[in-house]
Amino acid sequence: MTTPLIARRGALFAAGSLLAAGLLPGRVFAQAAAPAAAPPPAAGPFSLPALPYATNALEPHIDATTMELHHGRHHAAFITNLNTLLKDHGQLASLKLEELLAKLGEAPEGIRTALRNNGGGHANHSMFWQIMGGRGGNPSGELAEAINRDLGGMEKFRTDFNGTGARVFGSGWVFVLVDREGKLSLASRPNQDSPLMDGQRVLMGNDVWEHAYYLKYNNRRPEYLAAWWNVLDWEKIGQRYAAAKAGTLGV
């Protein structure tokens, strides 16, 4: 006779096997085995920013389990690694994140690649959480005018942005860049590279690493890209646009 414990273990094993084979939506398995609490990041100059909304606030477009893992595990790991790298480099540790990324070439060669990956990951995700939590729709004011002027209007902008994100090979990001004059342009970067490394500023961007969408969308990245517009907070993005023109936009 099968005991309840054995039956549950068997169900979880079966779900895990189907998920690995791509035959079961990741959310089913995520509900059966919720993530454990994340360990606190290593002490240092950088800390994990709190989400400005609940982890389930972006449902149904981005599921709560993905948000818990993405913020509490993936982003937290970048910060832990970054603080560990900087513990013996006080001058680098004293820099703002955007300054650190702009001066990667001055960092010791032995830690430069790790700083690039983890510092870029921290910057990219810090921006990412800020611009979501809204109800989508369309921007207004100067930002809307800039999108019409530089990106051909919202419909073309969405199409081009989603296409750029879909064409990222492997893992990376798709960004909207903004300069001091308020001019907008599209760009993509591999891995956790950030435009801050080139002295540029990011208005907004979407994460196309699989950990950002795979539990809900599996390998359907274009579907995730299309759904993401429904959770944008255009008021926050508009504030970033104003800060960029004022020269005060950080990450």
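# Helices, sheet and cores

Modeller: Phe 161, Asn 162, Gly 165 and Ala 166 in helix H8 meet Arg 221, Leu 225, Ala 226 and Trp 228 in helix H10, and the model in which they do so is a predicted one.

Biologist: How many nonpolar, polar and charged residues does the contact of H8 with H10 have?

Modeller: There are five nonpolar, two polar and one charged residues in the contact of H8 with H10; Gly counts as polar under the classes used, and Arg as charged. The axes of H8 (residues 154-166) and H10 (residues 221-228) come within 10 Å and cross at roughly 145°, and the crossing is right-handed.

Biologist: What makes E1 and E3 a pair of strands?

Modeller: Two strands pair if at least two bridges are found between them, and six bridges join E1 (residues 172-178) to E3, so the two strands count as a pair. They run antiparallel, and the bridge partner of Val 178 in E3 is Arg 201.

Biologist: How many bridges join E1 to E2, and how do they run?

Modeller: Seven bridges join E1 to E2, and these strands run antiparallel; Gly 172, for example, stands opposite Pro 190 in E2. Together the three strands form an open sheet in the order E2-E1-E3.

Biologist: What makes a strand of this sheet an edge strand, and which are the edge strands?

Modeller: An edge strand pairs on one side only, and E2 and E3 are the edge strands. From one strand to the next, the twist averages 25°. Helix H6 lies across E1 and E3, running at about 85° to E3, while H11 lies across E1, E2 and E3, at about 150° to E3.

Biologist: Why is strand E3 described as it is with regard to the rest of the structure?

Modeller: Six of the seven residues of E3 (residues 201-207) are buried, so the strand is largely enclosed by the rest of the structure.

Biologist: Which residues touch the most other members in the largest nonpolar core?

Modeller: Of the 46 residues in that core, Met 132, Phe 157, Leu 184, Met 204, Trp 228 and Trp 234 touch the most other members. E1 gives the most to this core, with six residues, and another core, of 19 residues, lies apart from it, with Ile 79 and Leu 115 among its members. Leaving aside neighbours within four places in sequence, Phe 157 is in contact with Ile 147, Leu 151, Val 176, Leu 186, Met 204, Trp 229 and Trp 234.

Biologist: How much of the protein chain counts as buried?

Modeller: Of its 251 residues, 45% count as buried, and the chain has eleven helices and three strands.

Terms used:
Residues numbered from 1 in each chain as written. Predicted model: local features only at pLDDT ≥ 70, side-chain atom pairs only at ≥ 80, totals over all residues. Heavy atoms only, no water. Axes fitted to C-alpha atoms, helices over the stretch in contact; angles between N-to-C directions. Helix = DSSP H or I, 4+ residues; strand = E, 2+ residues; numbered from the N terminus. Left-handed = near helix turned anticlockwise from the far one by under 90°. Contact = heavy atoms within 4.5 Å. Buried < 20%, exposed > 50% of the residue type's maximum accessible area, 1.4 Å probe, protein only. Core = buried A, V, L, I, M, F, W, Y, C linked by side-chain atoms within 4.5 Å.
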